[in-house]
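Student: I have a chain open here and would like to go through it with you. Could we take the strands, the metal site and the aromatic residues in turn?

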Amino acid sequence: MSYSETSQVRRRLLGAATVWGLTAPWWAHSAPQGTFIERSLNRPVPGGVAVLDLGAGSRAPVVHFNGHRVLVIQDADQRWKAIVGLDLKTQPGSQSVSVQGQSTVTFQVGSKRYREQRITLKNKAHVNPDPQQQARFEREYEEQMQAYASFRTEGPSNVIFEKPVSGRLTSPFGLRRFFNGEERNPHSGLDFAAATGTAVKVPADGIVTIVADYFFNGKTVFVDHGQGLITMFCHLSAFDVRVGDSVRKGDIVARSGATGRATGPHLHWNVSLNHARVDPAIFIGAFQP
Ligand SMILES: [Zn+2]
């Protein structure tokens, strides 16, 4: 190797190392590759999504991650892709899914830092519920966990979404939240600015599985889009659907509001895959590394 070649190599390495250390995560630097769905959804960080290529074949592989069945689609390249939800507690490093009849498929999870937010609530019960409110919350929590655990083999109609309301994004997913100085669960969804009464549209076909008025979430709608892809809308002011209704992509399911633990009118939107709440921004092309 001549001197000039060596120095070029060194420059390249140095450049790569600088970018690697200071700005975006490792996966953001590889040239965009893969299908549209892979380029759009593959964000393997805690709170993100991993898209895994499972190869071609006549039948959809059955895949599990942490004991939960995983969404598998046939992509534009005719290959099966697992779309794995990685909740905020996922450890960076090596992770694997099990594929029925095969071994495991291993993939790498990067890291991501989430910001903190301090919120003052006038309703102290929404910071520290009394025992009766706590019991109510626990019942409601269990009901929602069951809805998230649902897995229907049909669907989903699509995995790339439009925004459920047209308002700007306000609170991002994953914010570490302190209510009146006390740390509570991180933000499990994405907030949009939306005046009370704004029409909330579903991002894909589905079946309505919950229509309820909850202590923290206020008026809430769950839609099961199939294969464990579940979306949830809360702090609503009114409902346009009932439990069991079939909805099509773009249908109005509710009106936004400020019910439950909300400081003002907005829409809170959750997206869940294999019982893992993930960043909804990924599905609308608004993910921030
Ligand atoms: Zn929210």
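Student: Let us start with a pairing. In β14, which residue is the bridge partner of V211?

Tutor: The bridge partner of V211 is V221 in β14. Please keep in mind throughout that this is a predicted model.

Student: Noted. In which sense do β13 and β14 pair, and over how many bridges?

Tutor: Strand β13, residues 206-214, pairs with β14 in the antiparallel sense, and the pairing runs over seven bridges.

Student: Why is β14 described as largely enclosed by the rest of the structure?

Tutor: Strand β14 spans residues 218-224, and six of its seven residues are buried, so the strand is largely enclosed by the rest of the structure.

Student: Staying in that area, where is Q227?

Tutor: Q227 is located in the loop between β14 and β15.

Student: Is Q227 buried or exposed?

Tutor: The relative accessible area of Q227 is 10%, so Q227 counts as buried, the cut-off for buried being under 20%.

Student: What does the side chain of Q227 reach?

Tutor: The side chain of Q227 reaches the backbone nitrogen of V72, at 3.0 Å. Leaving aside neighbours within four places in sequence, the residues in contact with Q227 are V70, L71, V72, F151, R152, T153, E154, G155 and P156.

Student: Now the metal. Which residues are the protein donors of the zinc ion?

Tutor: The protein donors are H187 through NE2, D191 through OD and H268 through ND1, and they lie 2.0 to 2.1 Å from the zinc ion. Along the chain, the donors follow the spacing H-x3-D-x76-H.

Student: Are H187 and D191 buried or exposed?

Tutor: H187 is buried, with a relative accessible area of 2%. D191 is buried as well, at 8%.

Student: Next, the open sheet of three strands. What is its order?

Tutor: The order is β8-β9-β10, and the pairing is mixed. The edge strands are β8, residues 116-119, and β10, residues 182-183, each of which pairs on one side only.

Student: How many bridges join β9 to β10?

Tutor: Two bridges join β9, residues 176-179, to β10, and the two strands run antiparallel. F178 stands opposite E183 in β10.

Student: On to the aromatic residues. How many aromatic pairs does the structure hold?

Tutor: The structure holds nine aromatic pairs. Among them is the pair of Y114 and F173, which is edge-to-face, with 6.2 Å centre to centre and 75 degrees between the planes.

Student: Which parts does the pair of Y114 and F173 tie together?

Tutor: Y114 lies in the loop between β7 (104-109) and β8, and F173 in the loop between α3 (131-148) and β9, so the pair ties together parts that are 59 residues apart in sequence. Y114 is buried at 18% relative accessible area, and F173 counts as buried at 3%.

Student: What is the geometry of the pair that F192 and W269 form?

Tutor: F192 and W269 form a tilted pair, with 6.1 Å centre to centre and 40 degrees between the planes. This pair links distant parts of the chain, with F192 in strand β11 (residues 190-193) and W269 in strand β18 (residues 266-273), 77 residues apart. Both F192 and W269 are buried.

Student: Which residues form the aromatic cluster?

Tutor: F137, Y141, F215 and F216 form one aromatic cluster.

Student: And charges over rings: which residue lies over the face of F179?

Tutor: R261 lies over the face of F179, at 4.2 Å from the ring centre.

Student: Finally, the whole chain. How many helices and strands are there?

Tutor: The chain has three helices and 19 strands. Of its 289 residues, 47% are buried. Among contacts between residues at least 6 apart in sequence, 65% join residues at least 24 apart.

Key: Residues numbered from 1 in each chain as written. Predicted model: local features only at pLDDT ≥ 70, side-chain atom pairs only at ≥ 80, totals over all residues. Heavy atoms only, no water. Buried < 20%, exposed > 50% of the residue type's maximum accessible area, 1.4 Å probe, protein only. Helix = DSSP H or I, 4+ residues; strand = E, 2+ residues; numbered from the N terminus. Pairing = 2+ DSSP bridges. Donors = N, O, S within 2.8 Å, 3.2 Å for Na, K, Ca; no water. Phe/Tyr/Trp six-rings, centres within 6.5 Å; stacked < 30°, edge-to-face > 60°. Lys NZ or Arg CZ within 6 Å of the ring centre and 35° of its normal. Polar contact = N/O pair within 3.5 Å; in protein donor to acceptor, adjacent residues only side chain to side chain. Contact = heavy atoms within 4.5 Å.
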